[in-house]
Amino acid sequence: MRIDVVTIFPDYLAALDLSLVGKARRAGLLDLRVHDLRDWTDDRHRTVDDTPFGGGAGMVMRPDVWGRALDDLLPADGPARLVVPSPSGEVFTQRRAEALATEEHLVVACGRYEGIDARVVEHYRDRGVAVDELSLGDYVLNGGEVAALVMVEAVGRLLPGVVGNPHSLVEESHGEAGLLEYPVYTKPPVWQGREVPDVLLSGHHARIERWRRDEALRRTARRRPDMIAALGEDALDRRDREVLAEATGDADASVGEASHDADA
Ligand code: JB8
């Protein structure tokens, strides 16, 4: 996969030389190129912004500069998608990361100040480019660079051959189960007087699986009730419903449904 990131702060993306994404680049699995937007300016001061029409606070990034950059990086009829981090975008989720990981070429346009002149996104959409305006969540950053870092890492680790053990990809949080991950433990078995839950030392695989699912359900109900509400009708067996009823104090939640209980 190829990813071009355009920014006025290329050094912000230096972290992508490190760790798993850096390894993927060195292995040739990810062709990641970071560009300085100011390379496409044409004045002595390398100006990328100007005052907003209609007035108001701050500055807006000029469409002419962005247009020259994106014309160079988006092939006229190629398979590239344009990703624009924006606090006004759709939410970037694991599902969005999975979808982007199937693309051949992404161009990520990092805005600063009050954002990029709105005509830029319109223009490339009209030209037939698929454009995703994406937000990490309900908070505001100073620019798109940190969001680009997050997106490149989330996408990069899904590329075939990047994560050492593919099993760790299917078992993780925000995977197909629609639940948060269960708590994990390692040695020593007692630390600060706290013991690892007995069941995890029992060697009883089915009981361990059931305990982990119970913990995942309790944790999700407490921290992310929105994820419980979004579960499909068949996502929960009878035991799941009992655990949730207990966790939420809902006496009615445990009725109905068959079992994929460990001991059933
Ligand atoms: C200017 O919060 B964010 C974000 C904030 C921004 C820009 C892009 C993204 C551009 N401020 O994800």
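Helices, as counted here, are DSSP runs of H or I with at least four residues, and strands are runs of E with at least two. On this basis the protein chain of the predicted model contains nine helices and nine strands. Of its 264 residues, 38% count as buried, and the chain exposes about 15,500 Å², of which carbon and sulfur atoms supply 50%. Among the contacts in the protein chain with a separation of 6 or more, 70% are accounted for by residues 24 or more positions apart.

A cis peptide bond, with omega at about 5°, joins Lys187 and Pro188, and Pro188 itself is placed in the loop between helix H6, which spans residues 167–170, and strand S8, which spans residues 190–191.

Positive phi values in residues other than glycine occur at Ser19, where phi is near 55°, and at Gln192, for which phi is likewise near 55°. Ser19 lies in helix H1, a segment comprising residues 19–26, whereas Gln192 is found in the loop between S8 and strand S9, the latter formed by residues 194–195. With regard to solvent accessibility, Ser19 has a relative accessible area of 61% and is therefore classed as exposed, the cut-off for that class being over 50%.

How values were computed:
Residues numbered from 1 in each chain as written. Predicted model: local features only at pLDDT ≥ 70, side-chain atom pairs only at ≥ 80, totals over all residues. Heavy atoms only, no water. Buried < 20%, exposed > 50% of the residue type's maximum accessible area, 1.4 Å probe, protein only. Contact = heavy atoms within 4.5 Å. Areas by Shrake-Rupley, 256 points an atom, 1.4 Å probe, with all protein chains shown as cover.
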